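Open the model in your viewer and get ready to select a few residues at a time.

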Amino acid sequence: MSEGISQSDRPVTHDAEKGDLFSKFDPLIKQREDLLESGVEDPFNLVMERVLSPTQAICNGRETILLGTYNYMGMTFDPDVVAAGKQALSDYGSGTTGSRVLNGTYQGHKECEEALKAFYGMDHAMVFSTGYQANLGIISTIAGKGDYIVLDIDSHASIWDGCSLGNAEIVPFKHNDIDAMEKRLRRIPEEAGKLVVLEGVYSMLGDIAPLKEMIAVAKKYDAMVLVDEAHSMGFIGENGRGVAEAQGVIDDVDFVIGTFSKSVGTVGGFCVSNHPKFEIMRLVCRPYVFTASLPPSVVATAATSIRKLMHNADKRKHLWDNSQRLHAGLKERGFTLGTEEAQSAIVAVIMPDLEKGAAMWEALLKEGLYVNLARPPATPANMTLLRCSLCAEHSEEQVGTILDMFERAGKTVGII
Amino acid sequence: MDRADIDSRIRSLIEPFNKKGVEITENTSFAGDLEFDSLTVMDFVAAIEDEFDIIISMNQQAEIETYGQLIDAVHKLQNG
């Protein structure tokens, strides 16, 4: 699942009534107006006027601690990363104005792919213009008519849209339910092509998948396995390769999908694989072919950041300490959390309902803290969540301040 | 299994999901009459899949709007 503002991750069909083509959005317009009328600052219209560091910004005129950016490793202001981007901007210009398969592959794109191959220890790497396009492109291309995609019901929007764009049969199973997954795989015709799509960390609740067991089941039924490790790169697993690495099964993953817009600290997406025929993807994957490639400055920052993320044990440890400290502190103060213990750098605080959730979000913003407000239908089981994502650059002192802010806001709103 | 058997088995499966006790006919729609949301649909489909040991893919689900269409689809999958 994603932080998809006010949409579910699975595509929704709106019922058309009379009026023009926009009439189908009337209920949503009304819901939004009602929420804003109650006096809440618009959670989906926040402007970062100045960004001071990976953990601080001026938002709506206030100095604010950022706790909802997915900037896990705090690479956005890393001096080497910024310098590499500036240099590439001067040397190669502001953009490529072309597809990767025409005039859009520069030296920097190849270097970025080399950095990914080194980071993951895999034979092939393909860089897309966004993480969304990486899932969209790979999933829709490899699973065709007559093939089956078996996926977790809480998958991110980019995975669902990859399914919608392709022609395969789509078979979802209950979140993280190994048994439900196996039943579905068992019922698929033996001769059909099968792709199992999983995520390492699910971003709504910050819980991780039992990849070891799930991948073993997938392999038993001869399915190929794609794992989206967007929310684990850089700090989960011995080399930061993600949950599959941490659980010792990365060699059984056929495709790892990732993004540059979280730990890497810029924008872009990728797929890495050891499949011997993987390079053909560059010619057949439409979201790769029919899009301009990333600007030279972006791939230069990404490549530099990825190489630095390979040697970051201290920062990783600090990020885990932060996550565990925040999780334990919120639990101690009486908040209901998405997981029993900290499983990732995402800590999801479950709100009693949307009204209280929006009030709490606003109270935190006034305290000077930014978190993500996630609400139905984007959330599992229609929960309203305040999602906190920690950064390796958050100091111990900041985490203490954050806990104090939560305590005051929670009491004001009447949640704790 | 004939259509009537499938009908009676699905009728008992649907009970816990039919919270408002809506009368079920061939033309009862899942979204309109029964007001199933996406989570309910998932659980209901899983119950049917387990009962008949079949898969109803989302592509197939998209074609099923009414109770009668569901019985037909399961009947076809059972005998396919």
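Select A:V150 first: setting aside neighbours within four places in sequence, A:V150 is in contact with A:V171, A:F173, A:M181, A:R184, A:L185, A:K194, A:V196 and A:A223. Keep in mind as you look that this is a predicted model.

Together with A:V150, they touch the most other members of the largest nonpolar core, which has 135 residues. Where does this core lie? Domain 1 (36-73 + 312-413) and domain 2 (78-309) of chain A both give residues to the core, so it lies between them. In soluble globular proteins, nonpolar side chains tend to be buried together.

Now colour the two domains of chain A separately: 36-73 plus 312-413 for domain 1, and 78-309 for domain 2. Their centres, taken over C-alpha atoms, are 27 Å apart.

How many residues of each domain are in contact with the other? In chain A, 19 residues of domain 1 are in contact with 20 residues of domain 2. On the domain 1 side, select α12 (313-332) and β13 (346-351) of chain A, each of which supplies at least two of the touching residues. The most come from β13(A), with 3 residues. Colour this side of domain 1 by residue type and you will find 11 nonpolar, 7 polar and 1 charged.

Notes:
Residues are numbered from 1 along each chain as its sequence is written. Chains are lettered from A and ligands numbered from 1 in the order in which they are written. This is a predicted model: local features need pLDDT of at least 70, side-chain atom pairs count only at pLDDT 80 or more; totals for chains, interfaces and linings use all residues. Domain bounds come from an automatic or database domain assignment. Two residues are in contact if their C-beta atoms, placed from the backbone, lie within 7 Å. Helices (H or I, at least four residues) and strands (E, at least two) are DSSP runs, numbered from the N terminus. Ala, Val, Leu, Ile, Met, Phe, Trp, Tyr, Cys and Pro count as nonpolar, Asp, Glu, Lys and Arg as charged, and the others, Gly among them, as polar. A nonpolar core is a set of buried Ala, Val, Leu, Ile, Met, Phe, Trp, Tyr and Cys residues joined through C-beta atoms within 7 Å. A residue is buried if 20 or more other C-beta atoms lie within 10 Å of its own, exposed if 12 or fewer, and partly exposed in between; C-beta atoms are placed from the backbone.
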